[in-house]
Each structure stands twice: as C-alpha cells, then as structure tokens.
Amino acid sequence: MGFLKRSCSMWLSTVALIAAVAFAGAAAQAAEETVQGMLAAQIRMQGFACDKALGATKDAKRSRPDHAVWMLRCSNANYRVSRAPDMVAKVEPLR
C-alpha cells in the first residue's frame with residue numbers, strides 16, 4: 001500500500017510540474033505578444049504601416065528609466081519605437 005501511495009504522489013507531482021512549466025511558457029509568450037501588439041497598434045494610430053507584428057525586442061542600450069526603446073519587426077517594415085510616459089511614441093523606420 002505504501003508503494004502505491006508514493007507512486008501516485010510522484011505521478012501527481014510530475015503532472016503538476018509539467019502543468020506549471022507549460023503555464024509559465026504560455027504566460028511569457030502572451031506577454032511578448034501583448035508588447036508587440038500594443039506597439040503595432042500605437043504606431044498605426046500615428047500613421048505608420050504595420051500589417052502584422054512579428055516581434056518586439058527592447059533595446060537595452062538606448063532605453064533609460066521612464067524611456068523605453070523597442071525594435072518592432074512587422075511583416076512590411078521594421079521600426080525603432082521610443083516611448084516615454086504621457087507622450088506620443090517617436091517612431092523611426094529602419095532599413
């Protein structure tokens with residue numbers, strides 16, 4: 001009886017661990033999709049074309065506290081997007 005109880009407990013622990021890892025990965029992916037989607041929507045409102053947002057990475061060298069700089073990759077163009085609180089984004093098309 002003790003072996004069966006330990007086996008069941010190990011199995012449940014393994015399933016819980018797999019579920020936690022899967023959830024963490026999905027949450028990280030959703031957060032990244034949210035950033036690129038938000039940046040794409042913002043530059044579209046400012047008159048720039050971004051048909052489909054493919055990715056966004058933060059530019060650590062150019063970013064400062066309260067001034068984030070992102071590299072936004074769209075299906076039809078690439079942009080450097082500088083954002084400061086309560087201001088419109090500075091958008092630079094890249095080649």
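This note sets out points on the sheet and the nonpolar core of a predicted model.

1. The sheet as a whole. The model contains an open sheet of four strands, arranged in the order E1-E2-E3-E4 with antiparallel pairing. Strand E1 (53-58) and E4 lie at the edges and have a single partner strand each, so one side of each is left without a neighbour in the sheet. On average, neighbouring strands of this sheet are turned by 20° against each other, direction ignored. As background, strands of a sheet pair through backbone hydrogen bonds, either parallel or antiparallel.

2. The pairing of E1 with E2. Strand E2 covers residues 68-74, and its antiparallel pairing with E1 runs over five bridges. For Gly55, the bridge partner in E2 is Arg73.

3. The pairing of E3 with E4. Strand E3 (residues 78-83) pairs with strand E4 (residues 90-94) in the antiparallel sense, over five bridges. Tyr79 has Pro93 in E4 as its bridge partner. The two strands E3 and E4 form a hairpin, with six residues between them. Within the turn, Asp86 has a positive phi of about 60°.

4. The nonpolar core. The largest nonpolar core has 15 residues, of which Leu39, Ile43, Cys50, Leu72 and Val81 touch the most other members. At least two residues of this core come from each of helix H1 (2-45), E1, E2 and E3. In soluble globular proteins, nonpolar side chains tend to be buried together.

5. The surroundings of Val81. Leaving aside residues up to four places away in sequence, Val81 touches Leu39, Ile43, Ala68, Val69, Trp70, Leu72, Ala89 and Lys90. Leu39, Ile43 and Leu72 are also named with Val81 among the core residues that touch the most other members.

Methods
Residues are numbered from 1 along each chain as its sequence is written. This is a predicted model: local features need pLDDT of at least 70, side-chain atom pairs count only at pLDDT 80 or more; totals for chains, interfaces and linings use all residues. Side-chain values use heavy atoms; hydrogens and water are left out. Two strands pair if DSSP finds at least two bridges between them. Axes are lines fitted to C-alpha atoms, for helices over the stretch in contact, and angles run from 0 to 180 degrees between N-to-C directions. A nonpolar core is a set of buried Ala, Val, Leu, Ile, Met, Phe, Trp, Tyr and Cys residues joined through side-chain atoms within 4.5 Å. Buried means under 20% relative accessible area, exposed over 50%, partly exposed in between (1.4 Å probe, protein chains only). Contact means heavy atoms within 4.5 Å.
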